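Cover the ligand site, a helix and some backbone details.

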Amino acid sequence: MAKNITIFTTNTCAYCGMVKKWLSAKGMHYEEVNLDQHPERQAEALEISGALTVPVTVVTKEDDSKEVVVGYNLAKLAPAVA
Amino acid sequence: MAEEQKHQVVMIGAGPASLAAAVYTTREDIETLLFEKGVIGGLAAITDWVDNYPGFPKGLAGLDLAESLRQQAERFGAKIELGEVMSIKDEGTYKRLATTSGDILAEAVLIATGSDYKKLGIPGEQEYYGRGVHYCATCDGAFYRDKHLVVVGGGNSAVQESLFLTKFASKIDLLVRSELRASEVLIHELEKHKDKITVHTNVTTDEIVGKDSKVEKVVGTDTKTGKKREFPTDGVFVFIGLDPNTGFLADSGVELDELRLVKTDVNLQTSMPGVFAAGDVRSGATMQIASAVGEGATAALMIRKYLEDAHQTHEMPAVPATVNAE
Ligand SMILES: Cc1cc2nc3c(=O)[nH]c(=O)nc-3n(C[C@H](O)[C@H](O)[C@H](O)COP(=O)(O)OP(=O)(O)OC[C@H]3O[C@@H](n4cnc5c(N)ncnc54)[C@H](O)[C@@H]3O)c2cc1C
């Protein structure tokens with residue numbers, strides 16, 4: 001089970017919308033960090049994911065371990081939030 | 001064993017072509033399921049700004065157009081499943097589709113899978129993918145605020161995306177293998193952004209070089225002089241054309257042309273009866289949102305005719321083989 005979900009997004013990123021839509025359809029809550037509104041957090045997204053891309057979804061599990069999913073990748077996202 | 005789900009129409013892809021088709025089929029009460037493996041709205045959704053879609057004199061954001069198409073299709077009852085279709089098989093009345101959610105059966109199928117970005121296939125491209133090499137400006141452009149970029153390509157997409165990237169980048173080198181092939185309007189726009197975008201024609205892109213997981217430069221060749229050229233950069237965006245999403249049709253019997261686009265007859269029906277194709281994936285398509293939407297509408301009417309003929313019922317008003325005005 002996911003304790004906490006954070007998604008790094010930008011205004012124009014269509015794949016970010018898909019991740020949000022998929023999580024909402026599953027009734028899951030998430031916190032969104034929009035990098036257009038918070039460019040100062042870009043370095044954080046890069047450090048977490050190792051990638052210069054969004055969406056980056058950070059799933060914090062019950063035991064506080066974290067799983068990072070880069071891009072719109074349901075094959076990885078579904079087990080990460082299960 | 002549980003019986004497979006049976007559907008009247010399954011549409012593969014939920015880009016403009018399928019979403020438009022779904023508006024027509026569902027409005028006629030034809031049960032319709034769409035499968036989408038990527039973004040609802042397809043390539044239109046990841047296009048920053050669309051200036052040439054009729055009915056919007058000021059243009060509109062691709063993402064907004066995609067969202068409106070989705071809402072309209074869903075309003076009439078279209079269902080969109082997030083998943084991929086992996087193969088299609090003709091079993092007579094029904095077509096069997098293998099999907100990420102299991103096998104399903106469909107009386108009629110619309111293939112509207114569009115295309116994906118072509119890769120350069122040069123050293124460094126795979127290694128720095130997502131960390132300096134990108135194919136989607138609206139997704140990854142924001143990481144290059146005040147940075148230096150190289151854009152590769154000479155067609156409409158490359159120019160359009162370079163213009164979008166000027167919102168972020170301080171300087172862009174546009175590398176064009178031969179001459180620019182973009183529309184007059186876009187070339188005019190390019191002129192207006194001369195302060196940021198420098199066009200280098202007759203330059204090939206040979207290698208992407210970096211250090212410590214960071215892109216540092218692009219190495220190319222001036223095809224007129226044969227001299228090597230180097231372009232220092234923080235990132236590379238590649239827009240060199242598209243590859244049709246038809247891999248899943250291998251061995252299906254659905255005929256493709258030499259570019260691997262789906263062949264259709266005048267009714268947009270493929271070589272497999274009951275399977276239609278529309279939009280960018282269709283051989284002869286003009287690769288525009290307006291034409292994808294138009295083909296989607298036509299395909300929907302042809303599907304209705306096909307289902308009527310198959311059922312031989314007279315419950316629905318007869319439709320001529322040509323499009324009826326409504
Ligand atoms: C950068 C760029 C800018 C553009 N700008 C413009 C413009 O300004 N004006 C204009 O008119 N056109 C523009 N175009 C072209 C336009 O986007 C396309 O013509 C249009 O999106 C085609 O629609 P489609 O439905 O045929 O295919 P697509 O939009 O490509 O949609 C196909 C969908 O099918 C999905 N799919 C593929 N395979 C499968 C599978 N096996 N299972 C499930 N789903 C699958 C894909 O994920 C995709 O979402 C642009 C294109 C690009 C790349």
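The report below starts with the ground rules and then turns to the ligand.

## Basis

This is a predicted model: local features need pLDDT of at least 70, side-chain atom pairs count only at pLDDT 80 or more, and totals for chains, interfaces and linings use all residues. Residues are numbered from 1 along each chain as its sequence is written, chains are lettered from A and ligands numbered from 1 in the order in which they are written, and side-chain values use heavy atoms, without hydrogens and water.

## Ligand site

Helices (H or I, at least four residues) and strands (E, at least two) are DSSP runs, numbered from the N terminus.

Polar contacts are pairs of N or O atoms within 3.5 Å; within protein, one must be able to donate a hydrogen and the other to accept it, and residues adjacent in sequence count only if both atoms are side-chain atoms. A polar side-chain atom of Gln288(B) sits 3.0 Å from a ligand oxygen. Backbone atoms take part too: Pro16(B) at 3.2 Å and Val39(B) at 3.3 Å. Alone, the ligand exposes 1,000 Å², and the protein buries 94% of that (Shrake-Rupley, 1.4 Å probe).

## Ser18(B)

Ser18(B) belongs to helix H1 of chain B. Its relative accessibility is 0%, so Ser18(B) counts as buried (under 20%; exposed is over 50%, partly exposed in between; 1.4 Å probe, protein chains only). The side chain of Ser18(B) reaches the backbone oxygen of Gly13(B) at 2.9 Å.

## Helix H3(B)

The buried residues of H3(B) are Gly62(B), Leu65(B), Ala66(B), Leu69(B), Arg70(B) and Ala73(B). They fall within an arc of 135° (taken from the directions from the helix axis to the C-beta atoms), so they line one face of the helix. An α-helix has 3.6 residues a turn, so residues three or four places apart point the same way. Just after H3(B), Gly77(B) has a positive phi of about 110°.

## Backbone details

Asp212(B) has a positive phi near 50° without being a glycine. Asp212(B) is exposed, at 70% relative accessibility. Met287(B), also not a glycine, has a positive phi of about 55°. Met287(B) is partly exposed, at 37%. In chain A, a cis peptide bond joins Val54(A) and Pro55(A), with omega about 0°.
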